[in-house]
Amino acid sequence: MLDCAFYAYLPSTISEHYFKVLFQSTISPGPIMLERIRIVLIGTSHPGNIGGVARAMHNMGLADLALVAPRCEAITQDSISRASGADHLLHQANVHATLEDAVADCTLAVGASARSRTLPWPMLSPRELADRLPAECQTAESRVALVFGREDSGLTNAELQRCHAHVHIPTNADFSSLNLAAAVQVLAYECRMAWLSQADAPAVETNADDDLATHAELERYFEHLERTLIGIDFHDPDQPRQLMARLRRLYLRARPERMEMNILRGILSATEKAANTKPPKP
Ligand code: SAH
(Lines give C-alpha, C1' and ligand atoms only; values in the text may rest on other atoms or scores of the structure.)
Protein backbone atom coordinates (compact mmCIF):
# COMPACT_ATOMS: atom_id res chain seq x y z
CA MET A 1 0.00 0.00 0.00
CA LEU A 2 2.84 2.31 0.87
CA ASP A 3 4.20 2.28 -2.66
CA CYS A 4 0.83 3.13 -4.19
CA ALA A 5 0.54 6.06 -1.84
CA PHE A 6 4.01 7.12 -2.90
CA TYR A 7 2.92 7.35 -6.54
CA ALA A 8 -0.37 9.04 -5.65
CA TYR A 9 1.56 11.88 -4.00
CA LEU A 10 3.87 12.46 -6.97
CA PRO A 11 3.00 15.77 -8.66
CA SER A 12 1.16 14.88 -11.89
CA THR A 13 3.70 16.74 -14.03
CA ILE A 14 6.48 14.54 -12.70
CA SER A 15 4.58 11.31 -13.25
CA GLU A 16 3.49 12.47 -16.74
CA HIS A 17 7.07 13.24 -17.63
CA TYR A 18 8.17 9.92 -16.21
CA PHE A 19 5.76 7.94 -18.33
CA LYS A 20 6.50 9.98 -21.45
CA VAL A 21 10.13 8.97 -21.03
CA LEU A 22 9.18 5.39 -20.27
CA PHE A 23 6.85 5.01 -23.21
CA GLN A 24 8.16 7.63 -25.60
CA SER A 25 6.18 7.31 -28.77
CA THR A 26 3.12 8.68 -30.49
CA ILE A 27 3.00 6.35 -33.47
CA SER A 28 -0.15 4.52 -34.53
CA PRO A 29 -0.82 0.75 -34.52
CA GLY A 30 -1.21 -1.81 -37.21
CA PRO A 31 -4.39 -3.86 -37.37
CA ILE A 32 -2.74 -6.80 -35.63
CA MET A 33 -2.05 -5.10 -32.33
CA LEU A 34 -4.04 -7.67 -30.32
CA GLU A 35 -1.95 -10.54 -31.78
CA ARG A 36 1.14 -9.00 -30.24
CA ILE A 37 -0.19 -9.07 -26.69
CA ARG A 38 0.54 -12.18 -24.61
CA ILE A 39 -1.23 -13.10 -21.39
CA VAL A 40 1.21 -14.88 -19.07
CA LEU A 41 -0.15 -16.76 -16.04
CA ILE A 42 2.36 -17.85 -13.42
CA GLY A 43 1.77 -20.83 -11.13
CA THR A 44 -2.01 -20.97 -11.57
CA SER A 45 -3.57 -23.56 -9.27
CA HIS A 46 -7.22 -23.75 -10.40
CA PRO A 47 -8.14 -25.10 -13.86
CA GLY A 48 -11.38 -23.10 -13.71
CA ASN A 49 -9.38 -19.88 -13.57
CA ILE A 50 -7.37 -20.85 -16.66
CA GLY A 51 -10.67 -21.54 -18.43
CA GLY A 52 -12.05 -18.19 -17.28
CA VAL A 53 -8.93 -16.46 -18.59
CA ALA A 54 -9.34 -18.18 -21.99
CA ARG A 55 -12.92 -16.93 -22.17
CA ALA A 56 -11.97 -13.38 -21.19
CA MET A 57 -9.19 -13.35 -23.78
CA HIS A 58 -11.32 -14.70 -26.63
CA ASN A 59 -14.12 -12.25 -25.79
CA MET A 60 -11.66 -9.40 -26.24
CA GLY A 61 -9.81 -10.81 -29.26
CA LEU A 62 -6.60 -11.90 -27.54
CA ALA A 63 -5.21 -15.35 -28.37
CA ASP A 64 -1.64 -15.68 -27.08
CA LEU A 65 -1.78 -17.50 -23.73
CA ALA A 66 1.36 -18.64 -21.90
CA LEU A 67 1.34 -20.74 -18.73
CA VAL A 68 4.41 -20.67 -16.51
CA ALA A 69 4.87 -23.68 -14.21
CA PRO A 70 1.11 -24.22 -13.77
CA ARG A 71 0.19 -26.01 -10.53
CA CYS A 72 -2.80 -27.72 -12.12
CA GLU A 73 -3.92 -29.29 -15.39
CA ALA A 74 -4.91 -26.69 -17.97
CA ILE A 75 -7.38 -28.89 -19.78
CA THR A 76 -10.00 -30.35 -17.46
CA GLN A 77 -13.79 -30.50 -17.39
CA ASP A 78 -13.77 -27.43 -15.19
CA SER A 79 -11.47 -25.34 -17.38
CA ILE A 80 -13.33 -26.34 -20.55
CA SER A 81 -16.65 -25.49 -18.97
CA ARG A 82 -15.38 -22.09 -17.70
CA ALA A 83 -13.87 -21.37 -21.13
CA SER A 84 -17.43 -21.59 -22.55
CA GLY A 85 -16.37 -22.18 -26.14
CA ALA A 86 -12.91 -20.62 -25.97
CA ASP A 87 -11.20 -23.92 -25.16
CA HIS A 88 -9.11 -23.74 -28.35
CA LEU A 89 -7.01 -21.18 -26.44
CA LEU A 90 -6.36 -23.83 -23.77
CA HIS A 91 -5.13 -26.27 -26.40
CA GLN A 92 -2.96 -23.60 -28.07
CA ALA A 93 -1.46 -22.32 -24.81
CA ASN A 94 2.33 -22.56 -24.52
CA VAL A 95 3.63 -24.00 -21.27
CA HIS A 96 7.00 -22.79 -19.94
CA ALA A 97 9.13 -23.68 -16.95
CA THR A 98 10.10 -20.08 -16.18
CA LEU A 99 8.90 -16.53 -16.67
CA GLU A 100 12.13 -15.81 -18.58
CA ASP A 101 11.23 -18.47 -21.16
CA ALA A 102 7.66 -17.22 -21.49
CA VAL A 103 8.68 -13.62 -22.19
CA ALA A 104 12.10 -14.13 -23.84
CA ASP A 105 10.98 -12.46 -27.10
CA CYS A 106 8.95 -9.68 -25.43
CA THR A 107 9.88 -6.03 -25.83
CA LEU A 108 7.66 -4.91 -22.94
CA ALA A 109 6.61 -6.89 -19.87
CA VAL A 110 4.06 -5.48 -17.43
CA GLY A 111 3.30 -7.25 -14.16
CA ALA A 112 -0.25 -7.09 -12.79
CA SER A 113 -0.23 -6.71 -9.05
CA ALA A 114 -2.89 -6.28 -6.43
CA ARG A 115 -0.30 -5.12 -3.91
CA SER A 116 2.73 -2.89 -4.21
CA ARG A 117 6.16 -3.97 -3.07
CA THR A 118 9.18 -2.76 -1.19
CA LEU A 119 11.05 -1.11 -4.06
CA PRO A 120 8.83 1.38 -5.93
CA TRP A 121 8.56 0.54 -9.63
CA PRO A 122 6.93 2.44 -12.52
CA MET A 123 3.22 1.98 -11.89
CA LEU A 124 0.45 2.29 -14.48
CA SER A 125 -3.31 2.27 -14.31
CA PRO A 126 -5.01 -0.08 -16.79
CA ARG A 127 -6.00 2.95 -18.92
CA GLU A 128 -2.48 4.36 -18.94
CA LEU A 129 -1.18 0.97 -20.02
CA ALA A 130 -3.79 0.71 -22.78
CA ASP A 131 -3.00 4.19 -24.09
CA ARG A 132 0.57 3.09 -24.69
CA LEU A 133 -0.18 -0.27 -26.31
CA PRO A 134 -0.69 0.91 -29.92
CA ALA A 135 2.83 2.35 -30.02
CA GLU A 136 4.28 -0.59 -28.12
CA CYS A 137 2.79 -3.09 -30.59
CA GLN A 138 3.91 -1.27 -33.70
CA THR A 139 6.65 -3.34 -35.25
CA ALA A 140 6.54 -6.98 -36.34
CA GLU A 141 9.04 -7.79 -33.57
CA SER A 142 6.98 -6.10 -30.81
CA ARG A 143 5.56 -8.39 -28.17
CA VAL A 144 3.89 -7.17 -24.99
CA ALA A 145 3.52 -9.54 -22.04
CA LEU A 146 0.89 -8.93 -19.36
CA VAL A 147 2.01 -11.07 -16.45
CA PHE A 148 -0.39 -12.37 -13.77
CA GLY A 149 0.46 -14.13 -10.52
CA ARG A 150 -0.70 -17.02 -8.38
CA GLU A 151 -4.17 -17.05 -6.84
CA ASP A 152 -2.76 -17.44 -3.31
CA SER A 153 0.39 -15.32 -3.36
CA GLY A 154 0.47 -13.19 -6.53
CA LEU A 155 3.83 -12.42 -8.17
CA THR A 156 7.14 -12.63 -6.30
CA ASN A 157 9.43 -9.62 -6.01
CA ALA A 158 11.90 -11.30 -8.39
CA GLU A 159 9.13 -11.75 -10.98
CA LEU A 160 7.93 -8.16 -10.59
CA GLN A 161 11.52 -6.93 -10.99
CA ARG A 162 11.67 -8.65 -14.36
CA CYS A 163 8.89 -6.36 -15.62
CA HIS A 164 9.33 -2.87 -17.06
CA ALA A 165 6.30 -1.57 -15.21
CA HIS A 166 3.48 -2.73 -12.97
CA VAL A 167 -0.22 -2.28 -13.48
CA HIS A 168 -2.65 -2.02 -10.62
CA ILE A 169 -6.40 -2.22 -11.14
CA PRO A 170 -7.84 0.36 -8.77
CA THR A 171 -9.97 -1.43 -6.23
CA ASN A 172 -11.31 -1.08 -2.71
CA ALA A 173 -8.12 -0.65 -0.67
CA ASP A 174 -9.54 -2.99 1.99
CA PHE A 175 -10.32 -5.71 -0.55
CA SER A 176 -7.97 -5.18 -3.46
CA SER A 177 -7.41 -8.63 -4.92
CA LEU A 178 -9.53 -9.64 -7.92
CA ASN A 179 -10.09 -13.19 -9.06
CA LEU A 180 -7.38 -14.03 -11.62
CA ALA A 181 -9.76 -14.32 -14.58
CA ALA A 182 -11.50 -11.10 -13.54
CA ALA A 183 -8.16 -9.27 -13.48
CA VAL A 184 -7.33 -10.59 -16.95
CA GLN A 185 -10.81 -9.51 -18.10
CA VAL A 186 -10.26 -5.91 -16.98
CA LEU A 187 -6.88 -5.59 -18.73
CA ALA A 188 -8.06 -7.47 -21.84
CA TYR A 189 -10.99 -5.05 -22.11
CA GLU A 190 -8.62 -2.10 -21.92
CA CYS A 191 -6.49 -3.68 -24.65
CA ARG A 192 -9.54 -4.02 -26.86
CA MET A 193 -10.68 -0.44 -26.23
CA ALA A 194 -7.20 0.80 -27.16
CA TRP A 195 -7.26 -1.29 -30.31
CA LEU A 196 -10.76 -0.12 -31.29
CA SER A 197 -9.83 3.51 -30.81
CA GLN A 198 -6.77 3.10 -33.03
CA ALA A 199 -8.00 0.57 -35.57
CA ASP A 200 -8.70 3.17 -38.27
CA ALA A 201 -5.47 5.11 -37.84
CA PRO A 202 -2.97 4.78 -40.69
CA ALA A 203 0.15 2.70 -40.05
CA VAL A 204 3.41 4.58 -39.67
CA GLU A 205 6.77 3.42 -41.04
CA THR A 206 9.31 2.37 -38.48
CA ASN A 207 13.06 2.46 -38.41
CA ALA A 208 14.58 -1.02 -38.10
CA ASP A 209 17.56 0.42 -36.18
CA ASP A 210 15.19 1.35 -33.37
CA ASP A 211 14.35 -2.23 -32.39
CA LEU A 212 13.99 -2.48 -28.65
CA ALA A 213 16.02 -5.10 -26.82
CA THR A 214 14.00 -8.21 -26.01
CA HIS A 215 13.55 -9.55 -22.52
CA ALA A 216 16.09 -12.32 -23.18
CA GLU A 217 18.68 -9.76 -24.36
CA LEU A 218 18.08 -7.66 -21.26
CA GLU A 219 18.43 -10.71 -19.01
CA ARG A 220 21.74 -11.62 -20.68
CA TYR A 221 22.89 -8.07 -20.06
CA PHE A 222 21.87 -8.17 -16.37
CA GLU A 223 23.78 -11.44 -15.89
CA HIS A 224 26.85 -9.95 -17.55
CA LEU A 225 26.54 -6.75 -15.51
CA GLU A 226 26.29 -8.64 -12.23
CA ARG A 227 29.28 -10.84 -13.13
CA THR A 228 31.36 -7.78 -14.01
CA LEU A 229 30.37 -5.84 -10.89
CA ILE A 230 31.34 -8.83 -8.73
CA GLY A 231 34.60 -9.19 -10.70
CA ILE A 232 35.62 -5.57 -10.04
CA ASP A 233 34.58 -5.82 -6.35
CA PHE A 234 31.79 -3.29 -6.71
CA HIS A 235 29.03 -5.75 -5.83
CA ASP A 236 29.05 -8.27 -3.00
CA PRO A 237 26.33 -10.89 -3.62
CA ASP A 238 26.36 -11.69 0.11
CA GLN A 239 25.36 -8.08 0.84
CA PRO A 240 23.30 -7.21 -2.24
CA ARG A 241 21.53 -4.12 -0.77
CA GLN A 242 19.03 -4.23 -3.67
CA LEU A 243 21.81 -3.12 -6.03
CA MET A 244 20.78 -5.38 -8.91
CA ALA A 245 17.10 -4.56 -8.40
CA ARG A 246 17.89 -0.84 -8.56
CA LEU A 247 20.04 -1.29 -11.67
CA ARG A 248 17.31 -3.38 -13.29
CA ARG A 249 14.83 -0.61 -12.62
CA LEU A 250 17.19 1.95 -14.17
CA TYR A 251 17.84 -0.01 -17.38
CA LEU A 252 14.24 -1.15 -17.78
CA ARG A 253 13.12 2.47 -17.43
CA ALA A 254 15.53 3.50 -20.20
CA ARG A 255 14.00 0.98 -22.69
CA PRO A 256 17.36 0.31 -24.39
CA GLU A 257 17.46 -0.53 -28.07
CA ARG A 258 19.25 -3.65 -29.30
CA MET A 259 22.17 -1.59 -30.61
CA GLU A 260 22.54 0.22 -27.27
CA MET A 261 22.52 -3.13 -25.44
CA ASN A 262 25.39 -4.28 -27.68
CA ILE A 263 27.38 -1.15 -26.81
CA LEU A 264 26.76 -1.65 -23.09
CA ARG A 265 27.79 -5.32 -23.29
CA GLY A 266 30.94 -4.25 -25.18
CA ILE A 267 31.74 -1.85 -22.33
CA LEU A 268 31.32 -4.68 -19.81
CA SER A 269 33.63 -6.98 -21.79
CA ALA A 270 36.26 -4.23 -22.00
CA THR A 271 35.88 -3.60 -18.25
CA GLU A 272 36.37 -7.31 -17.49
CA LYS A 273 39.41 -7.43 -19.77
CA ALA A 274 40.97 -4.36 -18.16
CA ALA A 275 40.27 -5.71 -14.66
CA ASN A 276 41.88 -9.04 -15.52
CA THR A 277 45.03 -7.47 -16.98
CA LYS A 278 45.60 -4.89 -14.23
CA PRO A 279 48.61 -5.66 -12.01
CA PRO A 280 47.71 -7.40 -8.73
CA LYS A 281 47.37 -5.19 -5.67
CA PRO A 282 50.65 -4.96 -3.67
N1 SAH B 1 -3.54 -13.03 -3.17
C2 SAH B 1 -2.68 -12.46 -4.15
C3 SAH B 1 -3.45 -11.98 -5.35
C4 SAH B 1 -3.87 -13.07 -6.21
S5 SAH B 1 -4.98 -12.65 -7.45
C6 SAH B 1 -1.92 -11.29 -3.58
O7 SAH B 1 -2.29 -10.80 -2.56
O8 SAH B 1 -0.96 -10.85 -4.21
C9 SAH B 1 -4.14 -13.34 -8.84
C10 SAH B 1 -3.51 -12.34 -9.75
O11 SAH B 1 -4.51 -11.49 -10.32
C12 SAH B 1 -2.52 -11.40 -9.11
O13 SAH B 1 -1.24 -11.98 -8.96
C14 SAH B 1 -2.50 -10.27 -10.13
O15 SAH B 1 -1.67 -10.61 -11.22
C16 SAH B 1 -3.95 -10.22 -10.58
N17 SAH B 1 -4.70 -9.20 -9.81
C18 SAH B 1 -5.64 -9.41 -8.85
N19 SAH B 1 -6.10 -8.24 -8.38
C20 SAH B 1 -5.43 -7.28 -9.05
C21 SAH B 1 -5.45 -5.85 -9.01
N22 SAH B 1 -6.26 -5.17 -8.19
N23 SAH B 1 -4.62 -5.18 -9.84
C24 SAH B 1 -3.79 -5.84 -10.69
N25 SAH B 1 -3.74 -7.18 -10.76
C26 SAH B 1 -4.54 -7.89 -9.96
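Let me start with a definition: two strands pair if DSSP finds at least two bridges between them. Strands themselves are DSSP runs (E, at least two residues), helices are DSSP runs too (H or I, at least four), and both are numbered from the N terminus.

Now, what we have here is a predicted model, so a word on ground rules: local features need pLDDT of at least 70, side-chain atom pairs count only at pLDDT 80 or more, and totals for chains, interfaces and linings use all residues. Residues are numbered from 1 along each chain as its sequence is written.

The protein has 12 helices and 7 strands. As background, strands of a sheet pair through backbone hydrogen bonds, either parallel or antiparallel.

Let's look at β6, residues 144–148. On one side, β1 (residues 37–42) pairs with β6 over 5 parallel bridges, and isoleucine 37 has valine 144 as its bridge partner. Strand β4 (residues 108–112) also pairs with β6, in the parallel sense over 4 bridges, with leucine 108 opposite valine 144. Moving on from β4, we find β7 (residues 165–167), joined to β4 by 3 parallel bridges; there, valine 110 stands opposite alanine 165.

In soluble globular proteins, nonpolar side chains tend to be buried together. A nonpolar core here is a set of buried Ala, Val, Leu, Ile, Met, Phe, Trp, Tyr and Cys residues joined through C-beta atoms within 7 Å. The largest one has 58 residues, and Val53, Leu146 and Val184 are among those with the most contacts inside it. Helix α9 (residues 180–198) gives the most to this core, with 9 residues. Apart from it lies another core, of 5 residues, including Leu212 and Tyr221.

Take valine 184 as an example. Leaving aside neighbours within four places in sequence, valine 184 is in contact (C-beta atoms, placed from the backbone, within 7 Å) with Ile39, Val53, Ala56, Met57 and Phe148.

Next, helix α3, residues 47–60. Its 14 residues reach 20 Å from first C-alpha to last, close to the 20 Å expected at 1.5 Å a residue; the expected span is 1.5 Å times one less than the number of residues. Why is α3 described as largely enclosed by the rest of the structure? Because 12 of its 14 residues are buried. The cover over those buried residues includes β1, β2 (64–68), α4 (77–83), α5 (87–92) and α9. After α3 comes glycine 61, with a positive phi near 85°.

Finally, the ligand. Of the 20 residues around the ligand, Ala112, Ala114, Gly149, Gly154 and Ile169 come nearest; a residue counts as near if its C-beta atom, placed from the backbone, lies within 6 Å.

Note on methods: Buried ≥ 20, exposed ≤ 12 C-beta atoms within 10 Å, placed from the backbone. Contact = placed C-beta atoms within 7 Å.
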